[in-house]
Amino acid sequence: MELTGAQIMVESLKQEKVEAIFGLPGGVILPTFDVLYDSGLRFILVRHEQGASHMADGYARATGRPGVCMVTSGPGATNTVTGLATAYMDSVPMVCITGQVATTVIGSDAFQEADTIGITRSVTKHNYLVKEVRDLARIVKEAFYIASTGRPGPVLIDFPVDVSRAKTEFVYPKEVSIRGYKPTLAGHPKQIEKAAEMILEAKRPVLYVGGGCIASGAAAELTEFARKTGIPVTTTVLGLGSFPETDPLSLRMLGMHGTHYANYSVQGSDLLIAVGARFDDRVTGKVSLFAPKARIIHIDIDPSSISKTIPVHCPIVGDVKHILRALTGRVKKLEIGEWTAQIEEWKKKHPLKYDPSGDVVRQQYVIDKIGELTNHEAVVTTGVGQHQMWTAQWYRFQNPRSMITSGGLGTMGYGFPAAIGAKIGRPKETVFCIDGDGSFQMTLTELATAVYYKIPVKVVIMDNAHHGMVRQWQELFYNRRYSGSELGPSNPDFSKLAQAYGALGIRVEKKAEVVPALEKALQCDGPVVLHMVVAKEDNVYPMVPTGHALDQVMDMA
Amino acid sequence: MKHTISVLVENHFGVLAHVAGLFSARGFNIDSLAVGETEDPTVSRMTIIAQGDDRTIEQITKQLNKLIDVIKVQDLTEEEKISRELVLIKAQTGAQNRSEVLQIVNTFRAKVVDVNPHSITVEVTGNEEKIDAILELLRPFGIKEVVRTGTIALSRKSELNLKGPKEAPEAKVEKPEKKITGKKK
Ligand SMILES: Cc1ncc(C[n+]2csc(CCOP(=O)(O)OP(=O)(O)O)c2C)c(N)n1
């Protein structure tokens, strides 16, 4: 039977077992929305397309399945660009469908025309302009395949309105064959052999684990490998949850706001095993001084990540899960007692700490308590800034896909819509968004979405009356000249704002009120906003200032 | 150092923009880029001449390989290869110096493709050195306009075709510290 392009699009999404589509309609995508109307597919109407793109991203990070968003041409498409860039930087599988003006008028500056393909080229893993309806089913199939295999990433399909009306026979392809795209999965046996030898020889080894471990679904394999060998584990912010942070082998997070002991361990190591991590500058500090005594093994599915910023001694291109399994079979418990004793000493001497005194609410305390009350097993999303780093430091993640944060692009406003997407993907789990007052105000319009669809996310807004992280840098490096970082006088009462939207809103001003408020939030079965009025001028420590080696750490007195 | 990179890509809309966009987004410099259909009409071949140290070129080849529409990448720099460029040069000539120009043209086995009272247009094919040499010799007469196709190149030994894997990470990982040269089968 012949179907229209719009019908083919919707049928194809069903074939891909899409559970939810996040989006907002407009002129040229109306034929598709019309089919969507009674398709049985779940559609979540957002209030701004950036929200749709972050929701699709949050859904994808929480579930491992591609998130889908659908928007109109022109402004609808451009509003998703931040979301695409966020997902691209953190390798998140997403399919974004944008309406486009008719093929007959493309290039004529038609109403709501934008060169979406051109604009999104550098923030997508791949993008397609559908020119013929007969290509559509294949393109959708390929888009999902490309988004979710290899190093995952967002794929965009630009869908002109005339193609959505044209008809053709619908056959959904069973297989994908793209001659230019064949990701390597199994690592090269010789390299694995060489790595195993290096591991067995190591005296001061460290595992440095990134988001690739979670994307590969390899948390269990990592844990097995680390426990079998006894090698301590540090993670990046995106790697949090790939290894239980309460495990004695955990060094917690490394990098600019990592623990002393993670950073000292990396600097002192003679073997660094990088697992699905890409040596980001927030992790390495000054590149030329990074891990100066270490030989490096680098396991990554993306060959272009290897030796990009730091030359490595033993690269293994392939899927982390495959490779860790192969390595585990070739190693044994290492005799590294001296090394672990040294690390224990660092741990004792330099624990993470904060000033617990007084009545004032401190973010570290709130996050610590959220961790306790949720048994460290909630799904947590964040905005970007101090609260994000404190969440990374104080929640103590246990499970993969539980820390959902914009690590690579650092997108303020990501946390709240991502929490909605995550909750839709994992409805049985408690989902917290720990947000900054600045970050939250970038996408708070989605309160309407959360209330309308009754998505019970728990938003904790840390109101320090500032763009706190910016203020911290200005305090430390710009003579306390707080240029453009003060929010205080203009912040609304977020609890009242939440109430206006129909959510539960609670305002907390004293430390003693924190736990009762969190308990109330946990009992509530609708969206909740906790407005935490917190210390205004707290700084995130430890801190390795830019341009310094990882062991040149600043800390509070 | 100058590198010659040969790239097989899908012969469809948008691919050139994708490749060019990659170079600009990552701050790589292109000297020239020549593109055209191959023996297989669904495939185009690009010859890219790019500058960079070994690390940069390694990143360029890896990033090119990452593009979905790129089928294969080969660095021909150290391969035995044939490279050619075609150039049209419009040189200023009058009756008094035309014969001198023609002499140069003959020495280089170039072709005169147009003559008028004030200028002569010459077509030259060759490798970069030959082209640079003739340009140098014609410069004193006054060059009015030059157009170059950019270098195209083929390896003498290996064929870059659709057979075999897109990239050979094995080959790469065995000699990690060396830069990637041509992928030999
Ligand atoms: C969209 C965007 N704009 C600007 C920045 C730069 N930036 C980084 S952190 C920060 C302040 C964040 O403030 P807030 O959300 O209140 O979090 P806090 O640091 O106070 O915890 C800013 C402006 C950014 N990361 N993202």
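## Questions on a predicted model

Tutor: In chain B, among contacts between residues at least 6 apart in sequence, 76% join residues at least 24 apart. This is a predicted model.

Student: What is the order of elements in chain B from the N terminus on?

Tutor: Start with the inventory. Chain B has 5 helices and 9 strands. Read from the N terminus, the order is β-α-β-β-α-β-β-α-β-β-α-β-β-α.

Student: What percentage of the residues in chain B is buried?

Tutor: Take the surface first. Chain B exposes about 9,500 Å², and carbon and sulfur atoms supply 51% of that area. Buried here means under 20% relative accessible area. Of the 185 residues in chain B, the buried share is 49%.

Student: Now the ligand. Which residues come nearest to the ligand?

Tutor: The shell around the ligand divides into 5 nonpolar, 11 polar and 1 charged residue. There are 17 residues around the ligand. Those that come nearest are Q386(A), D437(A), G438(A), S439(A) and G468(A).

Student: What percentage of the ligand's area does the protein bury?

Tutor: Consider the ligand alone. It then exposes 580 Å². The share of that area buried by the protein is 76%.

Student: On to helix α14 of chain A. Why do its buried residues lie on the same side?

Tutor: Helix α14 spans residues 320-328 of chain A. Its buried residues are V320(A), I323(A), L324(A), L327(A) and T328(A). They fall on the same side of α14(A) because they cover an arc around the axis of only 135°.

Student: Which strands are included in what covers the buried residues of α14(A)?

Tutor: Separate helices from strands. The cover includes the helices α9 (189-201), α10 (211-215) and α11 (219-229) of chain A. The strands it includes are β12 (271-275), β13 (295-300) and β14 (314-317) of chain A.

Student: Take D300(A). Which side chain does a polar contact of 3.4 Å join to that of D300(A)?

Tutor: D300(A) sits in strand β13 of chain A. It is buried, at 7% relative accessible area. Beyond four places in sequence, D300(A) touches G276(A), A277(A), S305(A), I306(A), I316(A), V317(A) and G318(A). The side chain joined to D300(A) by the polar contact of 3.4 Å is that of H298(A).

Student: What distance separates the C-alpha atoms of G58(A) and G421(A)?

Tutor: G58(A) belongs to helix α3 (residues 49-63) of chain A. Its relative accessible area is 0%, so G58(A) is buried. Apart from neighbours within four places in sequence, its contacts are I404(A), Y414(A), A418(A), G421(A) and A422(A). G58(A) and G421(A) lie 363 residues apart along the chain, yet their C-alpha atoms are separated by 4.8 Å.

Student: Is H257(A) buried or exposed?

Tutor: H257(A) lies in the loop between β11 (250-253) and α12 (260-268) of chain A. Its contacts, leaving aside neighbours within four places in sequence, are M389(A), Q393(A), M469(A), Q472(A), V540(A), P542(A) and M543(A). Its relative accessibility is 4%, so H257(A) counts as buried.

Student: Which residue's backbone oxygen does the side chain of H257(A) reach?

Tutor: P542(A) is among the contacts of H257(A). The side chain of H257(A) spans 3.0 Å to a backbone oxygen, that of P542(A).

Student: Last one. What is the relative accessibility of T235(A)?

Tutor: T235(A) is in strand β10 (residues 233-235) of chain A. Not counting residues up to four places away in sequence, T235(A) touches V209(A), L240(A), S242(A), R252(A), M253(A) and L254(A). T235(A) counts as buried, and its relative accessibility is 6%.

How values were computed
Residues numbered from 1 in each chain as written. Chains lettered and ligands numbered in written order. Predicted model: local features only at pLDDT ≥ 70, side-chain atom pairs only at ≥ 80, totals over all residues. Heavy atoms only, no water. Buried < 20%, exposed > 50% of the residue type's maximum accessible area, 1.4 Å probe, protein only. Helix = DSSP H or I, 4+ residues; strand = E, 2+ residues; numbered from the N terminus. Arc of directions from axis to C-beta. Contact = heavy atoms within 4.5 Å. Near = heavy atom within 4 Å. Areas by Shrake-Rupley, 256 points an atom, 1.4 Å probe, with all protein chains shown as cover. Nonpolar A, V, L, I, M, F, W, Y, C, P; charged D, E, K, R; others polar. Polar contact = N/O pair within 3.5 Å; in protein donor to acceptor, adjacent residues only side chain to side chain.
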